[in-house]
Amino acid sequence: MTKSFYKDRLGRPAELFKLIANVRNIKKRNLLRGYSSKPTLSIHDAEIIRRDNSLHDSMIVGAVLRGRHGLLDAASPRKRSGKKTSADLYTLVPFTPLEWRNEVCYSAGFINSMKTRAIESLQIMQALTHLESMDPNESLNSLLELARTHGASNFLSYKLAYIRSTRDLSPQLTELVAEIENEICHRGSPGLHFSALENLSSKISLFIVARRRISGLTDRVQGDFRRSLALSNFIPTPLDETDVAGFLLRATESSLIDALYSVLIIFNLGTEFESVRREFEKRIDSEVLLQMQELIRHCTTPSNQRIVTEYYHAQNEDSDPSLDLYRVSSAFLERPQYAIYRNKFDKVIGARLLADIIDGQSYKIQNAAPDCKSLLLAPDGTPLQEDLNVTLDLFYRTYLFLKYLENQANLLVLGQEEIKYIFENTVGLEALLTENEIRTLYMMAPPQAKSLVTVLALALYRKKSVDPDIDFEFRSDFISHVIGTHKGSILEFINDLLNDSPSVANYIVGSLDEVTLEKMYTLVQNASEASEVRRDILRAVGQKLNRIEYFIEADAISTRSKVSKLQHYFDSSRMYVDSVAMQKWLDTNPTISTEQYRALYRRNKTKISSVESTSIQDTTVFLIHFEDEDEYLVQQIAKDAFEQFCLNNEFGIQSYLGRRIRHNTLQGVMIETVDAVLKKQEHQAIMSTTSMRKSIQAWLGTYNAIIEKLRKEQLQFKSSSSLFSATLDFNDSFTKENIRLLCSTLRSTGGAELLNDLVIAFCWNQIAPQLENASRFIKTTLLNEANNSIEQHFFRYHSAAPENRLKSDLHDAVNEVFKKVASWFQVPQTGFISTSIRDLCHIILLDLGWPLSQVQFVGNCVDCKYTGISVHRIYDCLAVLLQNACKHGEDGSKIIVDVTSVKANTGSVLENVLIQVTSTVSEEKFTPSKERIQKAIDSKETGADMVTEGYTGIKKVKFITRATEGIQTLHWSADDLSRKLTLGFSLHAEHAIEKN
C-alpha cells in the first residue's frame with residue numbers, strides 16, 4: 001500500500017524513499033523527502049543536497065540524485081533510462097567539487113544504485129579493451145550496440161574516434177559510423193565527439209586546439225577546467241589528489257559508463273592514488289568490484305598489435321612516435337600501461353596546455369627519473385626506461401626538458417650549444433612553456449648563452465603572449481644583440497643562425513613578423529623597410545630549408561604592397577580584420593571539422609565519379625545524403641572560424657577594438673572634441689562662475705561614464721551588455737541563409753581548396769548586422785543619452801545667450817564625435833582589394849618597365865572586378881607569365897592577355913577565371929623556350945630553384961594553383977609557324993559585388 005501511495009501521489013518509486021530513509025543526518029533526510037515531492041529539482045537544490053554530508057550520506061546522495069530513480073533525471077524518461085545524448089553530456093558541470101573522499105562516495109553510491117547496469121557496462125567495456133586487434137566492422141557494430149543500449153558517453157566517443165583516426169574506413173564502414181553518430185544525436189551537439197577526435201587525430205595540432213578551447217572557455221569555467229568536458233579531455237587522467245574530486249564529478253555528471261571508466265583509471269594509477277583506490281574498494285559493491293578487477297586482469301593480456309597503426313602514422317609522418325602514443329593512449333586508459341604512460345605526460349604536458357587556467361602548477365610524478373642532462377642531450381632513438389616500447393624523440397625530449405626546468409639551477413649548467421641543441425630538437429615550447437618559465441629561462445641563462453636565450457625568449461613571448469606590447473624588454477635586448485654582434489643587420493643574424501641551427505632560425509622567424517619589426521626602431525626605420533626585412537628573412541630561410549612556402553610568403557609581401565596602390569588595404573575609418581593573416585591562420589590551424597570536410601569531399605568526389613553506371617535515381621539519393629552531411633560540417637567550420645574572426649588576438653575584431661581602447665584612440669577621439677569646445681576663448685568668461693564650473697564637472701563625470709561603459713562593456717565581446725557576439729545562432733534566419741549560401745558556393749567549386757577564403761567572406765557577411773547595430777546604437781541611443789545629459793546638467797541656462805551658445809556647441813561636438821565613432825563600424829568590402837585583371841596587368845607592367853601600349857587585352861572579363869585573397873593569387877601567377885613574356889618575347893611584338901570566366905553556378909559569388917598570355921618569341925629563342933617550359937611543367941614545383949632564371953617561375957604558378965584548385969591548372973601551347981607561345985592558368989575568384 002505504501003508503494004502505491006508514493007507512486008500515485010508523488011510519481012516516485014518506493015525504492016527512492018527506502019534510500020532516503022538510510023540517510024543518517026535527520027535534517028538532510030527531511031530535506032530530501034521535501035525535495036522528492038517536487039516534480040523537478042533545480043541545480044541549486046541539488047547543490048544544497050550534495051553539501052555537508054558524511055561519507056555514508058554522500059553515497060546515498062549519489063544514488064538519490066543520479067541513480068536509477070534519481071531526482072535530477074526524474075523529469076526525463078530518456079535520462080531515467082540511462083540513455084543520454086551528446087547534448088546531455090556536452091555541458092558545463094554545474095556543481096562545485098566536494099572533498100575528494102565525499103566525491104568518491106558520491107560516485108560509488110551512483111554506481112552501486114545501478115549495479116546490474118554497471119556490471120553489464122563493464123562487460124561491454126571488457127569486450128572493447130583490445131580494439132586495435134578487432135576487425136573494424138566488428139568493433140563498429142559493437143559500438144553501435146553500445147550506443148543503442150547506453151546512449152552517448154565520453155568512453156564511446158573516444159573508442160569511435162580511435163577507429164576513425166587509425167583506420168582507412170570504406171564507405172560501408174563510414175555508414176556504420178554515421179549510424180553511431182545518429183544514435184547519440186551527434187549533430188545536435190557535435191562538440192562531444194569532436195573533442196575526442198581533436199585529441200586523437202594526428203592531422204590536428206594539439207597545441208593549437210588547446211589554445212582555441214582555452215580562449216573560448218576560460219571565462220566560463222572560472223578556474224576549474226574539469227567543468228568543461230572539452231578541457232577535461234586534454235587531461236584525461238587525474239593530476240593529483242586535489243584534482244580527483246573534479247575528475248570524478250566530471251565523469252559522474254556525464255554517464256554511468258564514464259563514471260566506471262574514471263574508477264578504472266584510478267585503479268590503474270594505484271601507485272599514485274593509493275588512498276583513493278582503497279576508498280573505492282571499501283565503497284563499491286563487491287560484485288561490481290569483482291567485475292572491475294576482472295576487466296583490469298583482462299587488460300594486462302598483451303596484444304599482438306600496436307595501438308598506433310601505420311595508417312595513423314601516415315596521416316602525419318612528421319609526428320613523433322611518443323606524441324602519437326600520448327594521443328592514442330587516451331582511448332585505452334582502462335589498460336594500466338597506457339594509463340600510467342598518459343598520466344606521466346598529463347602532469348607535465350597537459351598541465352601546461354591548460355596553464356592559463358591551472359596556473360602552470362607542477363605535479364609530482366612517482367618514481368620519476370632524476371634530472372638527467374645526458375639523456376636530455378642524447379640522440380633520437382636512445383632507449384628509454386618505459387614499460388612500452390618507446391625511444392627518445394623530439395616530443396619525449398620536450399617532456400624531459402620541461403621536467404628539467406622545474407629545477408631552475410639546471411639552466412646554469414647548459415651551454416650555448418646545448419641550448420641550441422635542445423631548441424632544435426624539441427616541439428611546441430611556445431605553447432608549453434609558461435610565461436614565468438620563459439622569464440626564468442631568460443634570467444637564469446649562463447653568460448655565454450645570454451644573447452641566444454634573449455632572442456629565443458623574444459620568439460617565445462611573441463607566440464605566447466596575448467599582449468603585443470608585453471615583449472618590450474626582450475625587444476630591447478634583441479636589438480642590442482643584433483647591433484653588438486651583427487652590425488645592426490637582422491638578416492645577418494638570421495643567416496648566422498642558419499649556418500648551424502636552421503630549426504632555431506626558423507623558430508625565431510615566426511616571431512619576426514612585420515608588426516614586430518616595425519617596433520625595432522633603431523634597426524628598422526619605417527613600415528616599408530620592415531616589409532623588406534621580413535621578405536629577405538623569409539627568402540633566406542626558404543633557401544636554407546628548401547621550403548617553397550617561404551618564397552610564396554615573401555612574394556606575397558611584395559604583392560600586397562603593389563596591389564594596395566589601387567586602393568588602401570587598411571581603411572582606418574572602418575572596422576578592420578586582417579583577412580590575409582586570418583587566411584594564413586586558417587590554413588595552418590585546421591579544426592577537426594575542417595579535416596572531416598576535406599576528407600568528405602575527397603571521398604565523395606570519388607563516389608560521385610563512380611556512379612555513372614548506376615541509375616539517375618541512385619545518384620540523386622547519394623547527392624542529397626552528401627549535401628546533408630556537407631552542411632552540418634560547414635556549420636561547425638563556420639562556427640569555429642567566426643569565433644576566431646571575432647576573438648583572435650592577432651587579427652580579429654576584438655584585437656582591432658582592443659587597440660582602439662588600449663591606445664586610448666576611442667577615449668581621445670570622444671574627449672578631444674568636447675575639450676576643444678571648453679577651451680574656446682568665447683566661453684572662458686561664463687566658465688569662470690562657480691555654478692557653471694560645477695555643472696561642467698558634473699556633466700563631464702556623466703559623459704565619461706558613458707564612454708567608460710562603451711569602452712569596458714559594450715565594445716567587449718565577452719561582456720553581458722556587449723554589442724557583439726562571437727557565437728553563431730543557427731536558428732537565426734540571417735545565419736541560416738548565410739550558411740546556405742556558403743554551402744552552395746563551396747559545392748560549386750567542386751573541392752575544398754577555397755574553403756578558408758569563402759569562410760572569411762562568410763564571416764564578413766555574418767558580422768555586418770552586428771556592425772550596423774553597433775553603429776546605429778552609438779549614433780542614436782548613446783548619442784541621445786549624451787544629449788539628454790547635457791540638457792539635464794545645463795537646464796537652468798535656457799534663457800541666457802552665452803550659456804546657450806556653450807550648450808549648443810557641446811551638442812554639436814557630441815553629435816559630431818558620436819557619428820564619427822559610429823562610422824568606424826562599417827564593413828569594408830570583405831577586407832580585400834577589389835580590382836580587375838587589366839588593372840593588375842598595369843601594375844605588373846609598370847614594375848617591369850614595359851609600355852602599356854604593347855599589350856592587347858581580349859576576352860569577356862578583362863574589366864570584371866574580383867576581390868578576396870584570390871586577387872593576390874591571380875597577381876602572383878599573372879606576374880610570372882607577364883614577366884616571362886616581356887623577358888623572352890621578341891622586341892616590339894605585342895603581348896596578348898586573354899581573360900575569360902565561367903560562373904560556378906547561379907547564386908555563387910565565385911567565377912572560374914581563365915587567363916592566357918601569348919607572346920611572340922624570336923627564332924633563336926623559340927626552341928630553347930619551349931624546352932624550358934616543358935621541363936618546368938614536368939618537374940616538381942617544390943624546392944628553392946623555383947625562383948631561378950627563365951621559365952622556371954612556372955613552378956610558382958603550379959604550386960599556387962595546386963594549393964587553390966586541388967590540381968595545378970597551368971597549361972601551354974606553341975604555334976611553330978608564327979612562333980607564338982601561350983601560357984595560361986585558371987583560378988576560382990570571388991566576384992566583387994558593387995554596392996551603391
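**Cavities and helix packing**

Mentor: The largest cavity comes to about 230 Å³, counting the space filled by probe spheres set on joined grid points. A cavity here is a set of points on a 1 Å grid over the protein atoms alone where a 1.4 Å probe fits but cannot get out. The model is predicted, so to speak with care: local features need pLDDT of at least 70 and side-chain atom pairs 80 or more, while totals for chains, interfaces and linings use all residues. Numbering runs from 1 along each chain, and side-chain values use heavy atoms, without hydrogens or water.

Trainee: How many cavities of 30 Å³ or more turn up?

Mentor: The search of the whole structure gives 8.

Trainee: Back to the largest one, which residues lie nearest its centre?

Mentor: N154, N233, P236, F247 and Y261, out of 18 lining residues, meaning those with an atom within 4 Å of a point. Helices α11 (154-166), α15 (229-232), α16 (241-254) and α17 (256-268) each give two or more residues to that lining; helices are DSSP H or I runs of at least four residues.

Trainee: And what's the lining like by class?

Mentor: 9 nonpolar, 6 polar and 3 charged.

Trainee: New topic: at what angle do α17 and α19 pack?

Mentor: About 60°, with axes 11 Å apart; α19 covers residues 286-299. Axes are fitted to C-alpha atoms over the stretch in contact, with angles from 0 to 180 degrees between N-to-C directions.

Trainee: Which residues meet there?

Mentor: L260, V263, L264, F267 and N268 of α17 meet V288, L289, M292, L295 and I296 of α19, with contact meaning heavy atoms within 4.5 Å. That's 9 nonpolar, 1 polar and no charged residues.

Conventions:
On a 1 Å grid over the protein atoms alone, a cavity is a set of points where a 1.4 Å probe fits but cannot get out, and a pocket is an open set with protein on both sides within 12 Å along at least five of seven lines; lining residues have an atom within 4 Å of a point. Ala, Val, Leu, Ile, Met, Phe, Trp, Tyr, Cys and Pro count as nonpolar, Asp, Glu, Lys and Arg as charged, and the others, Gly among them, as polar.
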